[in-house]
Amino acid sequence: MSGVSTTAPRLPLGKLAPGIFAPLMALTAAAKQDLDPTLVELVLLRGSQLNHCAFCIDMHARDARKAGESEQRIHLLGAWEEATGHYTERERAALALTEAVTRPADGGVPDDVYDRAAAHFDEAALARLLALIVAINIWNRINVAVRTPVGARP
């Protein structure tokens, strides 16, 4: 990608502004409640892939493995739409919603994408799923902006 530097991290945001991280951690934890841990990690990993956040991709791939996710499904996640038979309809609905929410400039969240997710999640779970998608987008943007190195723990 043109113009992207691979130089050192820019700013230790977590140390300089811990009051920002605590509410984000709370949002993320609340969003995860009662959602399947494997689904959570797929959503966090896919959002991170879309946002090109190397730090988060690395972290959520490792967390997905810990949650019991297979290497094959982790590797296929970037092409989940074509990887028929590898993700459940519920997971596919969550991944489609993740892509639509993460890329609002591509047309917002189309009704068919939202309705597909709503068919697989009750309203409370759908609210948490949306909050989870928003949370990973915040984390990705912070980590990309400050160049959090892969493997670091803020």
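**Close-up 1. Helices H3 and H6 pack against each other in this predicted model.** Here, H3 covers residues 37–50 and H6 covers residues 89–102. Their axes are 10 Å apart and meet at an angle of about 35°, and the crossing is right-handed.

**Close-up 2. Residues of H3 and H6 that make the contact.** From H3, take a look at Leu-39, Leu-42, Val-43, Arg-46, Gly-47 and Leu-50. On the H6 side, the contact is made by Glu-91, Ala-94, Leu-95, Thr-98, Glu-99 and Thr-102. Sorted by class, this contact of H3 with H6 has six nonpolar residues, along with three polar and three charged ones.

**Close-up 3. Arg-103 in the loop between H6 and H7.** Helix H7 spans 111–120, and Arg-103 is found in the loop between H6 and that helix. With a relative accessibility of 37%, Arg-103 counts as partly exposed. For a sense of distance, Arg-103 and Ile-57 are 17 Å apart in space, C-alpha to C-alpha, and 46 residues apart in sequence.

**Close-up 4. The aromatic pair of Phe-21 and Trp-139.** The structure holds one aromatic pair, and you can see it here: Phe-21 and Trp-139 are arranged edge-to-face, at 5.2 Å centre to centre and with 80° between the planes. Phe-21 lies in helix H2 (residues 18–32) and Trp-139 in helix H8 (residues 123–146), so the pair ties together parts that are 118 residues apart in sequence. Phe-21 has a relative accessible area of 12% and is therefore buried, the cut-off being under 20%. Trp-139 is buried too, with a relative accessible area of 12%.

Definitions and conventions:
Residues are numbered from 1 along each chain as its sequence is written. This is a predicted model: local features need pLDDT of at least 70, side-chain atom pairs count only at pLDDT 80 or more; totals for chains, interfaces and linings use all residues. Side-chain values use heavy atoms; hydrogens and water are left out. Rings of Phe, Tyr and Trp (its six-membered ring) pair if their centres lie within 6.5 Å; planes under 30 degrees apart count as stacked, over 60 as edge-to-face and the rest as tilted. Helices (H or I, at least four residues) and strands (E, at least two) are DSSP runs, numbered from the N terminus. Buried means under 20% relative accessible area, exposed over 50%, partly exposed in between (1.4 Å probe, protein chains only). Axes are lines fitted to C-alpha atoms, for helices over the stretch in contact, and angles run from 0 to 180 degrees between N-to-C directions. A crossing is left-handed if the near helix is turned anticlockwise from the far one by less than a right angle, and right-handed if clockwise. Contact means heavy atoms within 4.5 Å. Ala, Val, Leu, Ile, Met, Phe, Trp, Tyr, Cys and Pro count as nonpolar, Asp, Glu, Lys and Arg as charged, and the others, Gly among them, as polar.
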